[in-house]
Amino acid sequence: MPRFQDVLLLIGQLNYTWTNTESLLIHMIAGLSQSDKETAIVIFLTLNTPRARIDLVERLAKMQKTPSGCRAEILDTTRRLSEEAKLRNKYNHCIYSFDPDSGRGLTQSMRIFEGRDDIKYGKIEELDEQEIARIRESIRSLIKINQTFWSITEKYGFPK
């Protein structure tokens, strides 16, 4: 089990990579809405969740005026970004605990899961080597998504 600081550094890298990649939606908004980057930044910042930002980009991409090739590339990329959001959200909405003696790490979810007749909360999961590998793979995937957004920006002449 990696040390506590190593895990926190890895989570920080996941968050940095996510935020850096999510900000590229600004270029998608500007290009798809045929506006300038400054206007796209205001729109991006007004939408206060990643889901809302991704939804906007997907809806703009689905408009008839968007060339089909561009539409397909953007929708594929935003879907990949949405998949990566799940792991990022998990690690942003939990409490961490580490046993200093064993090095064992745990996460406890800060979400409520509501059933028909009951609620559950605080799901506890081990932060083991397999989870560390999932985080590293997510970071690699986000880097590829980032590169794809830049490629789309260049290919379709979206504002930089």
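**Close-up 1. Helix 4 crosses helix 5 at roughly 165° in this predicted model.** The axes of helix 4 (residues 50-61) and helix 5 come within 9 Å. At that angle, helix 4 is roughly antiparallel to helix 5, because angles over 145 degrees count as such. The crossing is left-handed. Helix 4 brings P50, R51, I54, V57, E58 and A61 to the contact. Helix 5 meets them with R71, I74, L75, T78, R79, L81, S82 and R88. By class, this contact has seven nonpolar, five charged and two polar residues.

**Close-up 2. Helix 2 meets helix 3 in a right-handed crossing.** Helix 2 covers residues 25-32, and helix 3 covers residues 37-46. Their axes come within 8 Å and cross at roughly 120°. The two helices are therefore oblique to each other. On the helix 2 side, the contact residues are L25, I26, H27, I29 and A30. On the helix 3 side, they are K37, A40, I41, I43 and F44. Eight residues of this contact are nonpolar, one is polar and one is charged.

**Close-up 3. The largest pocket holds about 300 Å³ of space.** Its lining includes K86, N89, K90, H93, C94 and T107. Q108, S109, R111, F113, K123 and E125 also line the pocket. Helix 5 (68-92) and strand 2 (105-109) are the elements that each give two or more residues to this lining. The lining residues divide into five charged, five polar and two nonpolar.

Methods:
Residues are numbered from 1 along each chain as its sequence is written. This is a predicted model: local features need pLDDT of at least 70, side-chain atom pairs count only at pLDDT 80 or more; totals for chains, interfaces and linings use all residues. Side-chain values use heavy atoms; hydrogens and water are left out. On a 1 Å grid over the protein atoms alone, a cavity is a set of points where a 1.4 Å probe fits but cannot get out, and a pocket is an open set with protein on both sides within 12 Å along at least five of seven lines; lining residues have an atom within 4 Å of a point. Grid points are joined across faces, edges and corners, and a volume is the space filled by probe spheres set on the points. Helices (H or I, at least four residues) and strands (E, at least two) are DSSP runs, numbered from the N terminus. Ala, Val, Leu, Ile, Met, Phe, Trp, Tyr, Cys and Pro count as nonpolar, Asp, Glu, Lys and Arg as charged, and the others, Gly among them, as polar. Axes are lines fitted to C-alpha atoms, for helices over the stretch in contact, and angles run from 0 to 180 degrees between N-to-C directions. Angles under 35 degrees count as roughly parallel, over 145 as roughly antiparallel, 65 to 115 as roughly perpendicular and the rest as oblique. A crossing is left-handed if the near helix is turned anticlockwise from the far one by less than a right angle, and right-handed if clockwise. Contact means heavy atoms within 4.5 Å.
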